[in-house]
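The sequence and structure come first.

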Amino acid sequence: MAAAATCGSVAASTGSAVATASKNNVTSFQRRGRRASGTNDSGPRLVSITGTRPSVRNGQLLVSTGLPALDQLLGGGLAVGTVLLIEEDKYNIYSPLLFKYFLAEGIVNGHTLLVASAKEDPANILQELPAPLLDDKCKKEFDEDVYNHKTPESNIKMKIAWRYQLLPKMEQIGPVSSSRFGHYYDASKRMPQELIEASNWHGFFLPEKISSTLKVEPCSLTPGYTKLLQFIQNIIYEEGFDGSNPQKKQRNILRIGIQNLGSPLWGDDICCAENGGNSHSLTKFLYVLRGLLRTSLSACIITMPTHLIQNKAIIARVTTLSDIVVGLESFIGSERETNPLYKDYHGLIHIRQIPRLNNLICDESDVKDLAFKLKRKLFTIECITKLRSYDLRSQIYFLSRHLQRKFSIKKNPYFKEPHTLKKIY
Amino acid sequence: MARRPGTGYLGVVVRRGSTRGLDWRLGPAESGLLGHLAYSQRLTVRSRTERNWLGPSPSWAPQADLFSPRSSHSGGKLTLLCDAKTDGSFLVHHFLSFYLKANCKVCFVALIQSFSHYSIVGQKLGVSLTMARERGQLVFLEGLKSAVDVVFQAQKEPHPLQFLREANAGNLKPLFEFVREALKPIDSGEARWTYPVLLVDDLSVLLSLGMGAVAVLDFIHYCRATVCWELKGNMVVLVHDSGDAEDEENDILLNGLSHQSHLILRAEGLATGFCRDVHGQLRILWRRPSQPTVHRDQSFTYQYKIQDKSVSFFAKGMSPAVL
């Protein structure tokens with residue numbers, strides 16, 4: 001495919017290779033949504049921004065969500081200009097973790113952050129970010145974790161349990177260097193203070209902003225949403241993320257994080273009443289936010305308590321207006337907590353929607369039943385389906401009694417157990 | 001059902017040995033999305049002539065009149081695209097590229113994605129949206145960008161998305177004015193474009209933005225009166241089917257449009273869930289809303305798999321992965 005070919009060429013050298021290729025194939029590396037570089041440019045300047053990589057499918061610029069396993073399931077990462085919507089779990093225990101991983105990834109890569117919350121002060125949220133795992137320090141502790149992990153090595157060809165080789169491989173846990181795309185974080189430690197102070201971040205705390213006299217455009221959104229939209233638009237415009245400001249040539253990504261959007265703390269009543277007066281507020285907000293993101297170098301994560309929304313139609317509309325939707329379902333308090341199938345895990349993770357950007361198809365992963373667990377330090381996502389095959393080849397055969405006698409294998413206990421045959425005889 | 005000589009009855013592509021024929025203009029760019037139905041023995045093709053028909057049009061016979069720009073067609077048609085539990089945007093991309101290749105004047109109201117998204121996919125399907133826009137063939141309303149402009153800055157002249165600034169549910173008159181202005185025939189006398197087409201990507205978004213179902217139905221009614229009746233053009237709209245999400249407004253909109261439309265293309269996910277080789281099922285329903293239902297409405301069902309630059313269709317259960 002042309003996109004893949006130019007992908008390889010850019011990895012080797014930016015500049016002339018891309019410029020010549022771009023004459024014939026303008027599509028592959030247009031950073032979608034960037035107003036400054038239109039599709040009529042003489043050559044797309046592929047500037048490499050830290051923490052981003054082009055997607056192999058269509059050259060889309062991707063950023064990491066902070067969890068390499070989730071990146072893999074989403075087809076490489078979160079595309080710049082899109083929204084990742086996380087449907088919170090029931091007691092809001094694990095979704096703040098994903099939120100913090102996203103922000104921590106931004107700090108490690110040097111991206112600008114915009115944190116918006118109605119519940120917690122953004123400064124406090126940033127203090128609680130998990131620390132990144134660095135190269136040498138924790139390598140010893142990880143070796144023992146990896147050893148306990150039953151991941152088969154890829155170069156050993158399996159002879160008997162050959163079906164396990166066909167299982168999709170989840171991420172290999174290991175130490176990290178800062179030039180990698182996705183990083184691992186230690187949930188038990190805090191991000192060092194100097195990293196937070198060195199980063200550029202903006203906070204939006206609703207109780208503070210709601211009383212200030214910012215000029216509000218007339219709109220039918222709730223005032224909290226209107227103020228937040230204006231705040232985001234100000235930051236994007238002033239720091240030059242949308243390329244419209246000729247003085248500011250921004251070559252960085254803006255990571256926006258909005259916590260608990262749609263909850264009553266934002267002034268919205270969709271979680272309280274079924275047909276409230278503001279039933280279109282949230283969807284309008286998401287639409288305008290989508291418009292802002294598509295024309296700027298930013299990526300957004302939103303956590304939303306969808307289990308509280310009374311009107312199911314709104315959830316469907318919100319899903320349509322977001323790009324990636326991931327749902328978390330924790331086992332706490334539910335009957336699944338005692339289910340032996342789920343005993344190793346803390347909850348299920350559902351990838352409800354993946355966008356088709358610049359393409360007719362999307363990279364949907366085949367694995368649908370995924371579960372997550374929060375170990376002492378790490379948050380991992382695994383597939384829980386045990387290998388179960390109804391194919392003739394892996395049926396279990398017993399050797400019948402008369403054959404046992406004939407071949408006098410009564411004494412050999414090996415043949416009394418069921419075994420898996422490798423092929424049809 | 002009116003049948004034109006030279007086209008198959010069911011419109012299924014019959015691959016024969018010879019490729020001779022005046023209508024055979026197959027090239028890699030020509031074989032568009034829906035012009036590539038897989039051969040299936042179950043579907044009997046009672047074709048009158050030997051002519052093969054593999055072209056950029058969706059090759060179902062009764063609509064060959066409709067989709068082929070060379071033939072004269074009386075009055076425009078409204079095509080309703082509907083998707084349930086899956087993404088039906090591949091149909092929008094197909095129709096956009098199809099009408100642009102057929103040299104029609106297209107007004108595209110794109111509310112859900114940006115211009116570059118459509119242009120990149122259009123390039124895969126063989127049309128260049130930027131060039132079409134430059135030469136005046138395509139009038140593109142980019143909903144996302146316009147919404148940002150409308151919400152953050154006060155506009156002097158009426159904007160098509162003016163309703164975003166209003167507190168209570170208004171009407172879509174400015175949007176209709178925009179469409180009418182875009183598709184009105186220019187008085188220069190030369191007929192550069194065959195007939196006008198209005199494409200709306202995602203009417204359900206208008207419901208999310210605060211419009212009532214009745215306002216949206218009014219808008220479609222006005223557009224039909226202008227585009228289909230007055231200008232003899234076509235209309236293609238996409239609506240999501242919310243299924244069991246109990247979205248009453250959406251159901252009203254969908255039912256209202258289903259009764260008005262001539263052709264309904266319904267992309268559904270498979271009832272059994274996700275499948276890597278079959279992405280969904282497409283139900284095609286022809287209707288004659290203006291005439292009394294003497295004939296029963298024709299309906300077909302195909303399963304499809306979307307590939308990088310095309311979509312392959314096959315009969316139910318005849319996926320190449322299964323056979």
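## Interface between chain B and chain A

In this predicted model, 48 residues of chain B are in contact with 39 residues of chain A, contact meaning heavy atoms within 4.5 Å. The size of an interface is often given as the accessible area lost when the parts come together. Here the buried area is about 3900 Å², and carbon and sulfur atoms give 62% of that area; buried area is the accessible area (1.4 Å probe) that two parts lose on being put together, summed over both. On the side of chain B, the residues that lose the most area to chain A are Phe152(B), Ser208(B) and Phe274(B), which together make up 17% of what that side buries.

The rule finds two salt bridges across the interface of chain B and chain A, a salt bridge being a side-chain nitrogen of Lys or Arg within 4 Å of a carboxyl oxygen of Asp or Glu. A salt bridge joins the side chains of Asp87(B) and Arg356(A), at 3.7 Å from N to O. Nine residue pairs, both residues at pLDDT 80 or more, are in polar contact across the interface of chain B and chain A. A polar contact is a pair of N or O atoms within 3.5 Å; within protein, one must be able to donate a hydrogen and the other to accept it, and residues adjacent in sequence count only if both atoms are side-chain atoms. Two or more residues each on the side of chain B that touches chain A come from α2 (89-101), α3 (115-125), α4 (129-134), α5 (143-152) and α7 (204-208) of chain B. Helices (H or I, at least four residues) and strands (E, at least two) are DSSP runs, numbered from the N terminus. By class, that side of chain B has 21 nonpolar, 14 polar and 13 charged residues; Ala, Val, Leu, Ile, Met, Phe, Trp, Tyr, Cys and Pro count as nonpolar, Asp, Glu, Lys and Arg as charged, and the others, Gly among them, as polar.

## Basis of the values

Residues are numbered from 1 along each chain as its sequence is written, and chains are lettered from A and ligands numbered from 1 in the order in which they are written. Local features need pLDDT of at least 70, side-chain atom pairs count only at pLDDT 80 or more, and totals for chains, interfaces and linings use all residues, while side-chain values use heavy atoms, with hydrogens and water left out.

## Aromatic pairs

Over all chains, a search of the whole structure finds 20 aromatic pairs. Rings of Phe, Tyr and Trp (its six-membered ring) pair if their centres lie within 6.5 Å; planes under 30 degrees apart count as stacked, over 60 as edge-to-face and the rest as tilted. Phe108(B) and Phe140(B) form an edge-to-face pair, with 5.3 Å centre to centre and 85° between the planes. Phe108(B) lies in strand β2 (residues 105-110) of chain B and Phe140(B) in strand β3 (residues 138-142) of chain B, so this pair ties together parts that are 32 residues apart in sequence. Phe108(B) is buried, with a relative accessible area of 0%, and Phe140(B) is buried at 11%. Buried means under 20% relative accessible area, exposed over 50%, and partly exposed in between (1.4 Å probe, protein chains only).

The rings of Trp286(B) and Phe300(B) are edge-to-face because their planes stand at 85°, with centres 5.6 Å apart. Trp286(B) is in strand β7 (residues 280-286) of chain B and Phe300(B) in strand β8 (residues 299-306) of chain B, so the pair ties together parts that are 14 residues apart in sequence. Trp286(B) and Phe300(B) are both buried. In chain A, ring pairs link Tyr94(A), Tyr101(A), Tyr185(A), Phe372(A) and Phe379(A) into a cluster.

## Salt bridges

The count of salt bridges over all chains is 20. One of them joins the side chains of Asp186(A) and Lys377(A), at 3.9 Å from N to O. Asp186(A) lies in strand β7 (residues 185-190) of chain A and Lys377(A) in the loop between β13 (370-374) and β14 (379-383) of chain A, so the bridge ties together parts that are 191 residues apart in sequence. Asp186(A) counts as buried at 1% relative accessibility, as does Lys377(A) at 10%. Glu364(A) and Lys368(A) also meet in a salt bridge (3.1 Å, N to O); Glu364(A) is partly exposed at 36% and Lys368(A) partly exposed at 40%.

In chain B, Lys124(B) forms a salt bridge with Asp308(B), with the closest N and O atoms 3.4 Å apart. This pair links distant parts of the chain, 184 residues apart: Lys124(B) is in helix α3 and Asp308(B) in the loop between β8 and β9 (311-314) of chain B. Asp308(B) counts as buried at 16% relative accessibility. Salt bridges that share partners join Asp241(B), Arg266(B), Glu268(B) and Arg283(B) into one network.

## Chain A overall

Chain A has twelve helices and 16 strands. Of its 425 residues, 50% are buried. Among the contacts in chain A with a separation of 6 or more, 70% are between residues 24 or more positions apart.
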